[in-house]
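Here are a few notes for a first look at this one. Keep the viewer open as you go through them.

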Amino acid sequence: MSSTDLQLTGIHHLTAVSADIRENKRFYTQDLGMRLVKRSVNQDDVSAYHLFYADKVGTPGTDLTFFDWPVGREGRGGRSVTRTALRVRDEPSLRYWQERFQHLGTAHGEITELDGRPTLTFEDPEGQRLALVADGGAGDPPVPWEDSPVPAEHQLRGLGPITMTVQTLANTDRALQQVMHLRPVRTYPDPTSPAHTVHVYEMGAGGPHAELHVAVRPDLPPARPGAGGVHHVAFRTPNDQEYHAWNDHLNHFGLQSSGEVDRYYFRSLYFREPGGVLFEIATDGPGFGVDEDPATLGEKVILPPRFEARRAQILAGLKPID
């Protein structure tokens, strides 16, 4: 495959940080109605949970995941992902969520139009900056979870767009266009500082599930990592053939990366773009059902095979979250 033919197809998942994983699980499953589809550990730090919330089956593009680390709150700033959008179908769904947030006491804004789409911003209990965006039915159809407290027609449909903030655009733009083959399509004023600009890039067939929004904010200091912040954002590649080609492609550009990493549920490549944000390229498969009955996803701690010999030791270091 020619490197010029490589195309990312959308957002794969986003991984953030929690210092209160029990409350995190409650909020994302009970308040947001997402399914916990994988209860595992951070494969680079097995003392920490890694929880995956998604639609019923963990469709690629619906995963919002969290590392469980005992850290202080994020110090907000640039060189980081600064808003994670989750998609709903339409404005009636946004009104449903606005009323639900009011009832639950969830911090939220008003329904406004942002970049031409009805949008409702909100935060989780640790200050994770989120938004609901009406996508009009765009993107892969999610699989509703029948045990969700949220009616099927209002359940979250997946991730996107993702907003990141950098201090200068030039080098990030070069990486997005020349290395990752994203396309710049439009700009709009930064809603948090209208004197500054957000640049929209799309991948694949486009649409909110396949957009990265880049706010340029030279006035902000670098963010200080912590709870309520984002660790990395991952982009979709459909299969192992293209995944291997992406590894060769990054090497061709001399871009320092992790090299190929097998996460068991998908294959990963990690690299940091010039503006400071950690990116991942991840395969769509094999998926979360590879080692667990789809009917009982997320009900017990599942470890990739290489950790099974240490199961008792690893579980002893994890706190109860139910």
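This is a predicted model: local features need pLDDT of at least 70, side-chain atom pairs count only at pLDDT 80 or more; totals for chains, interfaces and linings use all residues.

1. Start with helix α2, which runs over residues 91-104 and has 14 residues. From first C-alpha to last, α2 reaches 20 Å, close to the 20 Å expected at 1.5 Å a residue.

2. Now look at both ends of α2. Just after the helix comes G105, which takes a positive phi of about 75°.

3. Which residues of α2 are buried? They are S93, L94, Y96, W97, Q98, R100 and F101. As for partners, these buried residues pack against α1 (21-31) and against the strands β5 (80-88), β6 (108-114), β7 (117-123) and β8 (129-134).

4. On to the rings: searching the whole structure turns up 13 aromatic pairs. One of them is F27 with Y28, an edge-to-face pair at 5.0 Å centre to centre, with 85° between the planes. Both F27 and Y28 are buried. Ring pairs also link F27 and Y28 with Y53 and F66 into a cluster.

5. Another pair worth a click is F67 with W69, which is tilted: the centres are 5.0 Å apart and the planes make 40°. W69 comes out as partly exposed because its relative accessibility is 22%.

Conventions: Residues are numbered from 1 along each chain as its sequence is written. Side-chain values use heavy atoms; hydrogens and water are left out. Helices (H or I, at least four residues) and strands (E, at least two) are DSSP runs, numbered from the N terminus. The expected span of a helix is 1.5 Å times one less than its number of residues. Buried means under 20% relative accessible area, exposed over 50%, partly exposed in between (1.4 Å probe, protein chains only). Contact means heavy atoms within 4.5 Å. Rings of Phe, Tyr and Trp (its six-membered ring) pair if their centres lie within 6.5 Å; planes under 30 degrees apart count as stacked, over 60 as edge-to-face and the rest as tilted.
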